[in-house]
Structures are given as C-alpha cells and as structure tokens.
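Subject: Structure for you to look over

Dear colleague,

Here is the structure I promised to pass on to you, and below it you will find an account of what came out of the analysis. Please read the two side by side.

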Amino acid sequence: MARNRSPLASVLWTMLFLVALVGAAFPWLVDRWDEWATTLQDEAATVAPVVPGAVSLGDSASLLIVVQNVDGSAASIVLGSVAEDGKPVFAIIPNSIFTLLPGFGEFRISETMRFEDEQLARVTIENLLGARIDSVLALGPGDIAAALASPIEVDVSSALTVRDESGATRVVLDAGGQLFDGLQIEMLLLERGESDLLSWTQRQSSAWEAILGEIRRRPGVAGLLAGVGVKADVLGALAQNPRVVLVPAVPVATGSAGEGFVLSGADAEAFVTSRVPSLKLFDEPRPRVELLNGNGRIQATRSVAEALIRNGFRIVRTDNADNFDFEKTLVVAQGRSQQRSAEEIARILAVSEVLLELDTPSGVVDISIIVGQDIDSGEG
C-alpha cells in the first residue's frame, strides 16, 4: 500500500522540481531577457521625448527661405537646418551663384523664380549642395515688413548706397548698430545698391540675424511670416541661437553674364559635411549626370532631374538631344565603373535597358540620359 506524503514533503518536492526546472531554463531566460531589453531600448529610441511647449521636429529638419524682389528675381536665399545633436544653422546662399537650373540651363540662382517658382529654387539648391530640403517658404515684397511691426536693432555690416539720376551716390542706410523698421530691414535684403555682391550678401546676413533675434523675442513673428504649421515651427526653432554662415562661393566675372559666384562640387560637399551633415543626400560622391531632351516636350528633363537629385545624383548638364524622335529613354553608363549607378537610374525611371559606352567614355559626365517619348514632363 502506498504511503501518503505529508503536506510539507509535497511542498519540498515541488520546490526542488521548480528549482531544477529554472536552473535548466536559466540560460534560455537570460537570452530572452536580453532580447526583450534590446527590443524595448530600440522601441524607446524611436519615440521622441515630449517636452511641454516644445516642437518635435524629429532628428533634423530643413527650411529653404526665398525672398522675391519686385522684378521677380530671388533677392535673398537662405537654408536653415535644425538638428537634435547641434546648434541650428542658418546658411546665407549668394543669389548670384552661377549654376545649373535643372531643365533650363546655366543661370544665376536668382533666376529660378522667373523661370518657375520656389520649387525650382529647391531643386536647384538640392542639386548644387547635395543637401535635403524638407520645405520651402516663399516671401514676396512687403511680407517681411508687414511681420515686423516695431523697429528692431540691426548691426549693418556696410552702408547701403545708391546712385541718383544725376549720377551722384548717396547713403540710404548707414553702417553700424541702429534701429530699423520693417521696410528698412527688407531693403537690406532686396537692394544691392552700389556695393559689390559680397557686401550685399553680408548685409543680408545682418538683416537675417536681426529678424531671427526678433522671432526669438516674439515667437508670433514666425507665424506671421510662415503661417501655421511645420514651416513656422522650423522657423521658430531656427531662431534659437543659430549659427549664421555664408555658403563659401567664389567670386567670378564672365564676359556676357557679368559678375557672380561659383561653387565647386568639392566645396559644396565639404560645406554640407561640416555644417549640415544631417541633410546630406548621399554619402558617396554623387555621380555626374547629363540629361538630354529626346522627345521635344517642354521641361521633359525637369521632372527627371528632380527624381534623380533626390536619389543622390548630381545633374551637371541639360540640353537637347540630336533629335526629338527617341521613343524610349536611353540610359548610358560612361565606362564600366558607372554601370551600377546607371542601373540604379534605370530602376528609378523604370527603364528596362542600360547601355555601356566602352570605346570613348566621357570624362566630364558619368551617366548620359536621353529622355524619350515614354516619359512625360510630369513623370519621373
């Protein structure tokens, strides 16, 4: 006849069984705990901390501001960048930089607003710098003056002088620290006067520092300039003790187009890497692309350029092809080393075939594209 265990013995046997079970399973539990902990840490890292009253902009955000003059040109162009791991950067871009306007050819950046609108300015500057632009704020004549209700302190870098009808020059706005109203501050941005382009760009920098200071003191000014939404949020964040810098363009003079600036690809890459690394579109050197219009449609290369720029390619030339009878778009790799980049372009544009130029590859561009009838001006 079986003996009945006492309640105490049953408890002891149960405890010993559980200890043995846990001991055998302990390595598995440790591994699983590490997995759970890692997963929780990863999930926590993706959730931005919420600070009452603070605007969450993610890891980084950028805002291109274009101020248009009465003649339709882009008088003042700046690129602002806000990142969680650094001070806001407010980059003044000289409006007289000669560069490629995708779909239109080589012009000053200021001409973007005459050919199209602020979206062409965005694509042009993304192509020039290789930097991501999240949104664009276009301001017309009078917008800044209307937002600045009371005079503010401005430290003007150099005097603004103009030439009257008699040919004499006179000082309109003096140099140094002084109180300016909104119209005078806007004049610093819009009027070159008799000064050189660099002095004008430096005066624009003085004006923007004053405007950002006013937004810092009166946050509502950001809303007056940018409305309600993410643009105003970024503008408000940019005003918080930003680093105001000039894009390092080099002055040049051309016979027909006059004086201006140029920015090399190497200088552009170095600027983005050192000043706004969170906006860099492509880690590797950007492949150089030429776009040729082979279908005769207006702005056929414009849409293709925008798609490629956002995917890390640099458009260095746009022109017409030898004829407009190309039914299918051609992607040509200039040498075997460019085949992978050409295949990536073919994937972006949904082109089925990549050609390889081995006999006489170009030393100026890496990939050539002839846009055919299969791509409309609104596609790409």
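Contact, in what follows, means heavy atoms within 4.5 Å. Please keep in mind throughout that this is a predicted model.

Because buried means under 20% relative accessible area, Ile152 counts as buried at 3% relative accessibility. Ile152 also lies 8.2 Å from Gly182, C-alpha to C-alpha, although 30 residues separate the two in sequence.

As for the chain as a whole, its secondary structure comes to 11 helices and 18 strands, and buried residues make up 43% of its 380 residues. Of the contacts between residues at least 6 apart in sequence, 68% join residues at least 24 apart. The chain exposes about 19700 Å², of which carbon and sulfur atoms supply 54%.

In soluble globular proteins, nonpolar side chains tend to be buried together. Here the largest nonpolar core has 69 residues, and those with the most contacts inside it are Ile65, Leu129 and Trp208. Helix H6 (residues 197-217) gives the most to this core, with 8 residues. Leaving aside neighbours within four places in sequence, Trp208 is in contact with Ile65, Val67, Ser76, Val78, Phe90, Ile92, Ile144 and Leu189. There is also a second, separate core of 24 residues, which includes Ala305, Ile315, Ala333 and Ile345.

Among the sheets, one deserves a description of its own: an open sheet of 5 strands, with the order S15-S14-S18-S16-S17 and mixed pairing. Strand S15 (314-320) and strand S17 (354-357) stand at its edges, and each has a single partner strand, so one side of each is left without a neighbour in the sheet. From one strand to the next the twist averages 20°. Within this sheet, strand S16 (residues 330-334) and strand S18 (residues 367-371) run antiparallel and are joined by 4 bridges, with Ser368 of S18 as the bridge partner of Val332. Helix H10 (residues 300-309) lies across strand S14 (288-293), S15 and S18, and runs at about 160° to S14.

Elsewhere, S4 and strand S5 (residues 105-108) run antiparallel and are likewise joined by 4 bridges; in S5, Arg108 is the bridge partner of Phe98. These two strands form a hairpin with 3 residues between them, and Gly103 in the turn has a positive phi of about 95°.

Which residues does Asn95 touch, when those up to four places away in sequence are not counted? Asn95 is found in the loop between strand S3 (89-93) and strand S4 (98-101), and the residues concerned are Ala74, Ala75, Ile77, Arg108, Ile109, Ser110 and Trp200. With a relative accessible area of 8%, Asn95 is buried, and a polar atom of the Asn95 side chain lies 3.3 Å from the backbone oxygen of Ala74.

With best wishes

Note on methods
Residues are numbered from 1 along each chain as its sequence is written. This is a predicted model: local features need pLDDT of at least 70, side-chain atom pairs count only at pLDDT 80 or more; totals for chains, interfaces and linings use all residues. Side-chain values use heavy atoms; hydrogens and water are left out. Buried means under 20% relative accessible area, exposed over 50%, partly exposed in between (1.4 Å probe, protein chains only). A polar contact is a pair of N or O atoms within 3.5 Å; within protein, one must be able to donate a hydrogen and the other to accept it, and residues adjacent in sequence count only if both atoms are side-chain atoms. Two strands pair if DSSP finds at least two bridges between them. Axes are lines fitted to C-alpha atoms, for helices over the stretch in contact, and angles run from 0 to 180 degrees between N-to-C directions. A nonpolar core is a set of buried Ala, Val, Leu, Ile, Met, Phe, Trp, Tyr and Cys residues joined through side-chain atoms within 4.5 Å. Accessible areas come from the Shrake-Rupley method with a 1.4 Å probe; for residues, only the protein chains shown count as cover.
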